[in-house]
Amino acid sequence: MPDSPITIAIDGPSGSGKSSVSKAVARHLGLGYLDTGAMYRALAWWCLERGLDLTDSAAVATAARELPLLMRTDPDAASVAVEGTDVTEAIRETRISTQVSAVATNLDVRAELRRRQRELIEQLRTERGGVVVEGRDITTVVAPDAEHRILVTASEEARLARRAAELHGGTAAEHLAATRDQIVRRDRDDATVSAFFEPADGVTGLDTSELTFEESVRAVLDLVAGRVAPPTPVPQEHR
Ligand SMILES: Nc1ncnc2c1ncn2[C@@H]1O[C@H](COP(=O)(O)OP(=O)(O)O)[C@@H](O)[C@H]1O
Ligand SMILES: Nc1ccn([C@H]2C[C@H](O)[C@@H](COP(=O)(O)OP(=O)(O)O)O2)c(=O)n1
């Protein structure tokens, strides 16, 4: 456990590598791991399970407040359960990936899930010495006071290729086309409620386009250890 609690906040668009890198960093540092995207996905899964229309904002907001969600935050055994059902795999299905933005762009939903995320972060700081928490609005809204704030990015080409390899086992043209909606359209929708393409003031950008997975993990560990200088603040008159 670190001497004093730390929160490492990581944001980024889909396929930038934030989930896999965050989990590896948490494992390496012995911290908790919180995947906030999984919380939005779990809510989408539960709403569909109950036959709710995802465009019915009031009904979905009520579902967010009632959601019986259990996030397991051990990076070696991270899982998500809703009402006692393990949905870790189910929430990764394409039907969820293509519909989750309808839930994630509901502002009442965001308020409720942010409240839960902050509670979990506090709990992990107390009980585990800290947390690596990743999503779209962690560096800016959920945990702007985090000890470390990083925006992981990658070119659209790299993100498409990574997702296509994960989902379809290859980067052939038809795989890339099938993946495009899940990445490009979803990021565009999600970007209407969070800013995750450019690092906010004080947030360090990390472009993983040309890095291997191991290099990305090492780059985050180096930033956290202070081995790489954080970005120089832009003087006021140059902003
Ligand atoms: N340089 C890299 N950094 C991070 N992930 C990479 C890299 N190169 C390839 N990958 C792979 O790309 C995928 C990224 O997926 P994921 O971590 O789920 O991204 P995100 O959470 O941003 O959507 C993983 O399968 C990961 O192993
Ligand atoms: N803090 C967060 C985390 C995720 N979201 C949204 C964005 C996505 O559409 C969904 C699912 O996020 P997730 O990180 O699982 O998606 P990817 O793994 O990057 O494809 O939730 C959000 O709005 N705010």
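Predicted model: local features only at pLDDT ≥ 70, side-chain atom pairs only at ≥ 80, totals over all residues.
Residues are numbered from 1 along each chain as its sequence is written, and chains are lettered from A and ligands numbered from 1 in the order in which they are written. Helices (H or I, at least four residues) and strands (E, at least two) are DSSP runs, numbered from the N terminus.

Start with α1 itself, residues 18-29. At 1.5 Å a residue, its 12 residues should span 16 Å. The end C-alpha atoms are 16 Å apart, which agrees. The expected span is 1.5 Å times one less than the number of residues. Buried residues of α1 are K18, S19, V21, S22, A24, V25, A26 and L29. Here a residue is buried if 20 or more other C-beta atoms lie within 10 Å of its own, exposed if 12 or fewer, and partly exposed in between, with C-beta atoms placed from the backbone. The buried residues of α1 pack against β1, β2, β6, β7 and α10. Contact means that two C-beta atoms, placed from the backbone, lie within 7 Å.

Helix α10 is one of those partners. It holds 13 residues, 213-225, and should span 18 Å at 1.5 Å a residue. Its end C-alpha atoms are 19 Å apart, which agrees. In α10, S216, V217, A219, V220 and V224 are buried. They cover an arc of only 160° around the axis, so they sit on the same side of α10. The arc is taken over the directions from the helix axis to the C-beta atoms. On the other side, E214, E215, D222 and A225 are exposed. The buried residues of α10 pack against β1 (6-11), α1 (18-29), β7 (148-153) and β8 (204-207). Just after α10, G226 takes a positive phi of about 80°.

Now turn to β6, residues 130-135. Is this strand mostly covered or uncovered? It is mostly covered: six of its six residues are buried. In a regular strand the side chains alternate between the two faces of the sheet. In β6, G130, V132 and E134 are buried on one side, and V131, V133 and G135 on the other. Strands of a sheet pair through backbone hydrogen bonds, either parallel or antiparallel. Two strands count as paired if DSSP finds at least two bridges between them. β1 and β6 pair in the parallel sense over six bridges. β2 (residues 32-35) also pairs with β6 in the parallel sense, over four bridges. V131 in β6 is the bridge partner of T7. V131 is also the bridge partner of G32.

R128 lies in helix α6 (residues 107-128). This residue is partly exposed, because 18 other C-beta atoms lie within 10 Å. Leaving aside neighbours within four places in sequence, R128 is in contact with L31 and G32. R128 and I138 are 10 residues apart in sequence and 19 Å apart in space, C-alpha to C-alpha.

A separate topic is the sheet with the order β3-β4-β5. This open sheet has three strands and antiparallel pairing. Its edge strands are β3 (69-72) and β5 (85-86), each pairing on one side only. Four bridges join β3 to β4 (residues 79-82). Within that pair, L70 has A81 in β4 as its bridge partner.

Two ligands remain. A residue counts as near a ligand if its C-beta atom, placed from the backbone, lies within 6 Å of it. Around ligand 1 there are 16 residues, and the closest are G17, S19, S20, R162 and S216. Elements giving two or more residues to this shell are α1, α8 (156-168) and α10. α1 gives the most, with four residues. By class, the shell has three nonpolar, 10 polar and three charged residues. Nonpolar means Ala, Val, Leu, Ile, Met, Phe, Trp, Tyr, Cys and Pro; charged means Asp, Glu, Lys and Arg; the others, Gly among them, are polar.

Ligand 2 is surrounded by 17 residues, with S14, G37, Y40, A104 and G135 the closest. The elements that give two or more residues to its shell are α2 (36-49), α5 (100-104) and α9 (173-190). The largest share, five residues, comes from α2. Five residues of this shell are nonpolar, seven polar and five charged.
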